[in-house]
Amino acid sequence: MDARQLKIAAAQAALEHVEDGMRLGIGTGSTADEFVRLLAEKVADGFKIQGVPTSERTARLCMELGVPLYSLDDLPELDLTIDGADEVDGALRLIKGGGGALLREKIVASASSRMIVIADESKLVDMLGRFPLPIEVAQFGVAATRIAVERLASRLGLSGEIALRLEKDGAYLTDGNHFILDASFGRIPDAEALANGLAAIAGVVEHGLFLNMANAAIIASQNGARTLLAQN
Ligand SMILES: O=C(CO)[C@H](O)[C@H](O)COP(=O)(O)O
């Protein structure tokens, strides 16, 4: 299986957890896109779901393919969210936000009774931190926020570049009109301390550490898709 087929395998396995009539959070990224394509085929066959997208990108794809969408304000309590991840550790703690949708992804996952992560095995790590941690920050005072993040990192014994995410026309802007700082700290031994510290910084809107959120992760490899369950 090539990289795309692995994503499709994970998405296909996740679809088995989606029941007729569910209120469904729909994630963002290339793996989540495969899930949307498979879901759209079921919807075309008469399967009923109410979807809440985690980004404008996912909303566009859903609309193009006929997946019914609602806003989270219309459907503030969801049954299940299916989303990708940039990293997954053995305790199903995640780094998310590579696609820039971390704030909406975290809000939607938090509004869901269950979250299932879909990924290929390249995303599995023994400790979070190989992937740069996305931190969504207010545009106002970004230099001061970055210094506050650096000081926090140093208190926790972490170091590494903290880079403003760029795209071709300048700084990358999230759907909420915020900037992203990508923090290359390397291995993060105490993800809880980092998450708590980031949450306490005024300019930080949200960070990409998703701790105690995923109930299951469906990991696709050449041997098929296997499901890891959270211990909580
Ligand atoms: O967090 C995300 C977007 O903000 C994505 O879930 C994450 O980046 C994984 O994307 P992909 O499936 O393309 O590897």
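Two strands are said to pair if DSSP finds at least two bridges between them. Helices (H or I, at least four residues) and strands (E, at least two) are themselves DSSP runs, numbered from the N terminus. The model is predicted, so local features need pLDDT of at least 70 and side-chain atom pairs count only at pLDDT 80 or more, while totals for chains, interfaces and linings use all residues. Residues are numbered from 1 along each chain as its sequence is written.

Two bridges join β4 to β5 (residues 94-95), and the two strands run antiparallel. Within this pair, E87 has I95 of β5 as its bridge partner. Three strands form an open, antiparallel sheet in the order β4-β5-β13. Its edges are β4 (87-88) and β13 (209-210), each of which pairs on one side only.

Twelve residues from domain 1 and eleven from domain 2 make up the contact, counted where C-beta atoms, placed from the backbone, lie within 7 Å. Helix α4 (residues 102-110) gives the largest share of the domain 1 side, three residues.

Finally, S71 sits in the loop between α3 (56-65) and β3 (78-83). S71 is exposed because 10 other C-beta atoms lie within 10 Å; the cut-offs are 12 or fewer for exposed, 20 or more for buried, and partly exposed in between. S71 and V52 are 19 residues apart in sequence and 5.8 Å apart in space, C-alpha to C-alpha.

Technical notes: Contact = placed C-beta atoms within 7 Å.
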